[in-house]
Amino acid sequence: MLSKTINKIYDTDIGYSFFNSKIAIISSTIFLIICLCSVFAGIVAPYNPFDPATVSLMDAFTPPMWSEGGNSSFILGTDQQGRDMFSTMIYGSRISLIVGFASIIFAMVLGVFLGVTAGYIGGMYEIVVMRLTDVQLTIPSILMALLVYGIARSIITQSMHDEMVMYVLIFAIGISEWPQFARVSRASTLVEKNKEYVSASRIIGLSNILIMFKHILPNILRPILVIATIGLALAIITESTLSFLGVGVPPTTPSLGTLIRFGNNFLFSGEWWITFFPAIFLIVLALSINLLGDWMRDALNPKLKKR
Amino acid sequence: MSFLEVKNLDISYPTRKETIVASKNVEFTLERGEILGIVGESGSGKSTIANAIINLIDPPGEITNGSIKIDNNELRDNEELIQKIRGKKIGFVFQDPQTSLNPLFKIKDQLIETIQTHLNLGYQDALKKSIQLLKEVGIDNAEKRIEDYPHQFSGGMRQRVVIALAISCEPDLIIADEPTTALDVSIQYQILELLKDLTKKRNLGVIIITHDMGVIAETTNKVIVMRDGLIVEQGDTKELLTNPKSNEARSLVISVPPTNKKIDRFKLISPDGKEITSDSKNLTINIIKTWGIRENKNQKLLKLTDVTKIFDDRSLAINISFGSKNESTDKVVKAVDNVSFELFEGETLGLVGESGSGKSTIAKIITGLVRPTNGEIFYNNISLYNSNRKYQIDKSRGQIQMIFQDPYSSLNPRFKVRDIISEPIKFFKKNISHNELTQNVYDLIDIVGMTRQSLDRYPHEFSGGQRQRISIARALATRPRLLICDEPTSALDVSIQAQILNLLKDIQDELHLTILFISHDLPVIRQMCNRIVVLKNGRVCETKETEELFNNPEHPYTQELIRLMPKIESII
Amino acid sequence: MFSYTFKRLLQAILVMVIVAFVSFSLFNFVGDPVNSMTGEDASDQRRDEVREVLGLNDPVYIQFSRFLGNVIQGDFGISYQLKREVSDLVAERMPATLELVFVSALLAIILGVILGVYTGIHRDSFISNIILVISLAGVSLPTFIIGIMLIYFFSVILGVLPSFGRGEVTELGFWTTGLLTTSGLKALILPSITLSLFQMTYVIRLVRAEMMEILQTDYIKFAKARGIKTNIINYKHALKNGLIPVITITGINIGTLIAFSIITETVFQWPGMGALFINAVYFVDIPIMSAYMIMVAFIFVMINFIVDITYYFIDPRIRLKEEKG
Amino acid sequence: MKKTISIVLSLLLMGIFSPTLANSIKWSMPGDSLTLDPHAQNEGPTHMVSRQVYEGLVTPGINMEILPQLAESWVATSDDTWVFNLRRGVTFHDGSSLTAGDVAFSINRAKTAPSDMVDLIKSIKSATAIDDHTVEVITDGPNPILLNQLTQIFVMSEAWAKANGCEVSYNWDAGETSYCASNANGTGPFEITFREQDVRTVFEKNDNWWGNHYTHNLDQIELLPIKNDATRVAALLSGEIDYTNVVPVQDLERFKSSAGHVVKMTPQNRTIFFGMDQGSAELNSSNVKGKNPFADKRVRLAMYHALDMDAIKDKVMRGQSVPAGIITAPGVNGHTAARDQRLPYDPELSKQLLAEAGYPDGFELTLDCPNDRYINDEAICVAAISMFAKIGVTVNLDAKTKSQHFSEIKEGDANGMTSDMYMLGWGVPTFDSHYVYSYLFESSGSWNKVNFSNARVDELVAAMGVETNLEKRNAMIAEAWDITQDNVAYLPLHHQVVNQAAKSNVDVPIRMNNEPLFRFANVN
């Protein structure tokens, strides 16, 4: 059964391209492993670094187990608070991934909705939406995220900060990514809209909503998927950059960016592992997503298909 | 010894699943002053041979065997020689003049570049020669126009520029790959005349690759018929067209709609020699059960009065976004200009005209895809547009359906065939039972002559002709009274075209359909229609009974169209 | 030509007005400037004094109309934190940022185009794949990590390049430039590499994709059929077409570069607008933040305006459309 | 690629080294002086710069002892009258001579709004020049710490200030500016020859300085502020700067072990502590409703016993802190070693105390923390949270930049919610407990945000402000500390330690307020 499915996938062009691209296989495997680890962090990670009661400050700055002074109970050593690096990274990647996925989904839903409707409906509505993307583009992502973050902080009550910070981050990153989706989906919609199957649906009398989201949307998913993948890597990096600038998730529940930010302070003092491992982890994560997106961009581009 | 000798040529495309043989054991010769036609249906390998001569086969294709000699010089595997010969000894003309020229360079630059690559000429001489060339291919005011960019030329003019480029370095051989397919009849005629003329004047050898038997008949001396990479027959053009020996050639010739008479059905011969018969009788019982019997009252079904459509693309001043090129143009185009005609139940009315004549826009206005600027459209005596010029789709309730030109874009690639066909049924019969729906879908797929297994497949798994059948099935699903066919066969091979046309005739008889048949192809129109409306630049030139029109065209434009259309009979 | 320019100018102004509005209204919600201004030990009376002087007791719409009027005159008010005219501060800091951004953009575009063209033409070559993987690493590395790595390697270990600041600058009227002194140039190297790496990757990818697409077009095939030399086809015919989107991306890039200079300037202590801004964010220094936002948007809009005009000259297809209208 | 670049660059840059002056120090700290007007801002880095250029009547020495500077001697002629005899032959950088008029002008300028020094010297009623070399200062009642206060009042040239339109200081807070904000004319050992705020300030040796030229051998000081810690560390490691008075604690070890660098440290006059709102009826962020757990002294004590300050010292502060039992630093009048003894770390006792107080399962609340104000402030809070978690108290951290932090403590957040628990650090510029009490313990104290209120303490604060009998006054201070310490009004954490790092040939004496005195600095 499984082998049949695999064979079937292999038979498609995408599947073939995938199984013949070492990069695609390796990067998707890595990405999958990281995702699984972070989903099952409770099982994979030996400690729960987000539970302050289990962390002992006296364990702080333990080097990786193979270094002098290392300790086999902390494979990759501990950070400045005595948290196990390995566990903290797994849990941290969970935050990075949640923020990354959620913000991209948010951006995608918003952008695709506006883009498809703008492309399909046209007229004044389209002009307004496209001008909005222009305005949005004049405020680059980091700047936008800083703004949203600042505003949110001053509006949300203190006790809510911790609970809200994830949503704020998701909103802040998502809101700066949506124009990409809007532009691509609008452009694709403009192409699809003029295809005859859309005319056929209109002649049948299907409602515009149905045409846009049942007929057109599935046909423009490919480019959207590609920018979503690349956007995911970007969102994860943006999250880490915000954390680096000190406006990310609280330090008691560090994401990868927060870990690097703290670790960076110990770079010159010899505790290299605190920044090194999360940085490598982040790079590997972002790289695997980017490689995947890159492969996807080429594989899904009908214009580049080898005849 | 011949000027061009192709011997034993094998070309194959290795893909991961199989190796596609694009040509096998191809042999032919060509002399100077001769025009050779290579004809065949899509996928027959005719273009591949042309590309093989100058070694421009798209990867991963490769020549696996054989030889190509020009003036007794072997070209195969001789990249150095080919490089010298390309453009110099062999000129090439592609199908689509819109994309053949680099949009960012002036005509001048492209001509001079080519000339200076091959001929030892200074800039001024090259420029002089370029102007000379443009004049030769019939471009007026060449001194000035040479400074223009490609997009400033019309399609036909552009193809002339392409030909000028092809002959710029005094080649001995011109290979023209579907040189007129993208052009209108009148322009096609001019381009073909130009080619013939150049052949004579310059004593060129010419290879024309085309799918159009009319073009073959009117232009070539010799012809090669190809199928599946094999030459099935070659010989003198007249000989071959009048008396094809192979089944394949016969099937090809017989499917060509005659220009001089009207026949009831096309006789169809499959390439292996058997006659194809179609019969859709008694397949419509279930459809009629679902939608009720409809009587043909021979009444006026559709009436257009003074319909005008003006495309006013003047965009709002702010309608430009950063970084994207502004696609809007400041043009006011009268696409449809005061068009009136009537359509009676059960008849087939032809709308004929060249590109830009407004025939497709009229179809779109009738189906509500485009709002008319002016005029009234009555369906069954009910106006289709209300006072706000809003389309009243509920007035026709699916009784007007349409078949489109491009079988590749008219089916949603993400839908299975079953869903494509059943969607309109479900839309109009919200509470249809599952069984009834299935039965309807089966009937429809049966009517259009496809297997029921096709229902669970996706459109990309089918050929163009099959897709057009699916398209017809979808159009029939709501049991329409009026079927609009917008160039339904212009993207299809001629034998497939014959099948689809036969099918349309069959279902018209079965279901008492009224058809509005839109085409630029006069022979097809002649075979399909009872009456014909001739359109030019959005205006009606004349409206007449078919035979009357072909035998006694009144309007000069009609006369010209009929005169210029390539006629396979011309050679007979 | 005139109507084309006019249309774009109109759009630019529209975008600017919206940004100005957003800039004001957003910042109006953030924090209480009085606290940031007076510090932790200030008396309540002093706070009230300051509040009054700043006009923060006025209704919002009065503050906004005052703001708008001032902005048009180039007056962004006085920094809450640095207590100087924001316009002076921006004027002082802008050359540093613009120089950095300019050099980075140049680096990103030149190298990006060269590598992009190479990888586009030699699609499957080994070197192309190496370039692509390395360039992907460039996008996957957060800017701050790149900066810290470069400092660590070139300043701390090798000791050949300065790790912070602009070096010695020369004053040319109102403009200060680090491009005329050795130490200024030296100081520019690491920050500009850091800043450009990310954008360079985008340019590489864009040019590559564009080249690959163009190399499959009919006119390239036709050029081949005319016997034009491969190099001329690649570097003249294909490249010119491939560069058109680069112009577009340049416009967007510069906006992004300015934004990312916030991080680069923080890491390298580069005395530019980004460093000014991030400080302003920490201190909720509204005048600087809104001025920065407006400046960034203004530069962005201006550059895109120029890009649009450039299009007009480079792509004859646009020119024709406009001339017809 | 990179390698090629580095090789090319190394070749290019070979031999191009900018010439340096014989004895110069490139000094870096995270921020810059806000203004050169010595009265416009009462703020650390501003005084650090001013101190090199301007001088006061008296000045704190290396060990914060009060030394004569522009005043050679002084005498208190009555409870509220002080007479200062000025040093002769002192000239300003512009060449004019110092007179008693300049001193009186400067004191009056400092005590006139919009100067920022008004609050500090509000006890001074008047300052007048009796003759060219004598100044009389009259205070509003007895002021035991007048000399302390005068160390912060720098003397300007009256003529110069008037000529340049800065007769009075300017309202820095409101964004005004003046000539004196970007120019300086003092009597000090160095004069400013170049200044680009936040980028570069150059001080040259003042050859006409009155003082002992041999306590330093500098020709030039260059101030290059670098905000980012890592960049500053890298700059010192790579030799681009010579000296910094702000070093991240974790990097001290590296400088210590480096042969090319020296590290110095000394306890700072700043104590870090947690405040717990014990006066409000209910905590804003807690799951306990209807009552305030912190109102119960046992709960406060439990929190105290839960904190393992030795661990924090060891791991978070890298040994660079002194665990504190009292929220004021050693050296401040009122501080004693006994009071500075912490209660033991005893989480079991904490749990027991919580259970007694009725919270056997702990409770939940939010801790507000700055993340850019004190040394490793955020890390301390994170560590503390983990310690509180071990006694069952779930603390959520809300860490933010100092301006927001202080505004939220002072006036509540955007919704007016005040902080339940916060981190604060307090320095005592006057070296007297009264300063601490008037701000942190008095019921009306402007930074008493734990809502501590004790009638006796209020009485004592009022009394110690005017009491001149030292013995009586000290008794009052001691009584006040007894009350507040017994009440566990605040949770003391530690006294910060000042540290600095420099190239090993650079010798700048370290001082507890982190202020460098370059007139005692040498380059070898």
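This dialogue goes through a few features of a predicted model, each with its general idea and then its case here.

Student: What should I keep in mind about numbering and confidence before reading this model?

Tutor: Residues are numbered from 1 along each chain as its sequence is written, while chains are lettered from A and ligands numbered from 1 in the order in which they are written. The model is predicted, and local features need pLDDT of at least 70, side-chain atom pairs count only at pLDDT 80 or more, and totals for chains, interfaces and linings use all residues.

Student: What does the secondary structure of chain C come to, and how much of the chain is buried?

Tutor: Helices (H or I, at least four residues) and strands (E, at least two) are DSSP runs numbered from the N terminus, and chain C has 13 helices and 2 strands. A residue is buried if 20 or more other C-beta atoms lie within 10 Å of its own, exposed if 12 or fewer, and partly exposed in between, with C-beta atoms placed from the backbone; by this count, 56% of the 325 residues of chain C are buried.

Student: Which residues have the most contacts inside the largest nonpolar core?

Tutor: In soluble globular proteins, nonpolar side chains tend to be buried together. A nonpolar core is a set of buried Ala, Val, Leu, Ile, Met, Phe, Trp, Tyr and Cys residues joined through C-beta atoms within 7 Å. The largest such core has 488 residues, and those with the most contacts inside it are Ile207(B), Ala473(B), Leu516(B), Val203(C), Phe277(C) and Cys381(D). Helix α8 (residues 182-214) of chain C gives the largest share of this core, 18 residues. Because domain 1 (2-245 + 508-523) and domain 2 (267-498) of chain D both give residues to this core, it lies between them; the domain bounds come from an automatic or database domain assignment.

Student: Which residues does Phe277(C) touch?

Tutor: Two residues are in contact if their C-beta atoms, placed from the backbone, lie within 7 Å. Leaving aside residues up to four places away in sequence, Phe277(C) touches Ile262(C), Ile288(C), Met289(C) and Tyr292(C).

Student: Which partners does Asn85(D) have in the strands on either side?

Tutor: Strand β4 (residues 71-78) of chain D pairs with β5(D) over 6 bridges, and Ser73(D) stands opposite Asn85(D). Strand β7 (residues 134-139) of chain D is joined to β5(D) by 5 bridges, and there the bridge partner of Asn85(D) is Thr134(D).

Student: Is Val488(D), with its positive phi, buried or exposed?

Tutor: Val488(D) has a phi of about 50° although it is not a glycine, and it is found in the loop between α16 (470-486) and β17 (490-503) of chain D. Val488(D) counts as buried because 20 other C-beta atoms lie within 10 Å.

Key. Two strands pair if DSSP finds at least two bridges between them.
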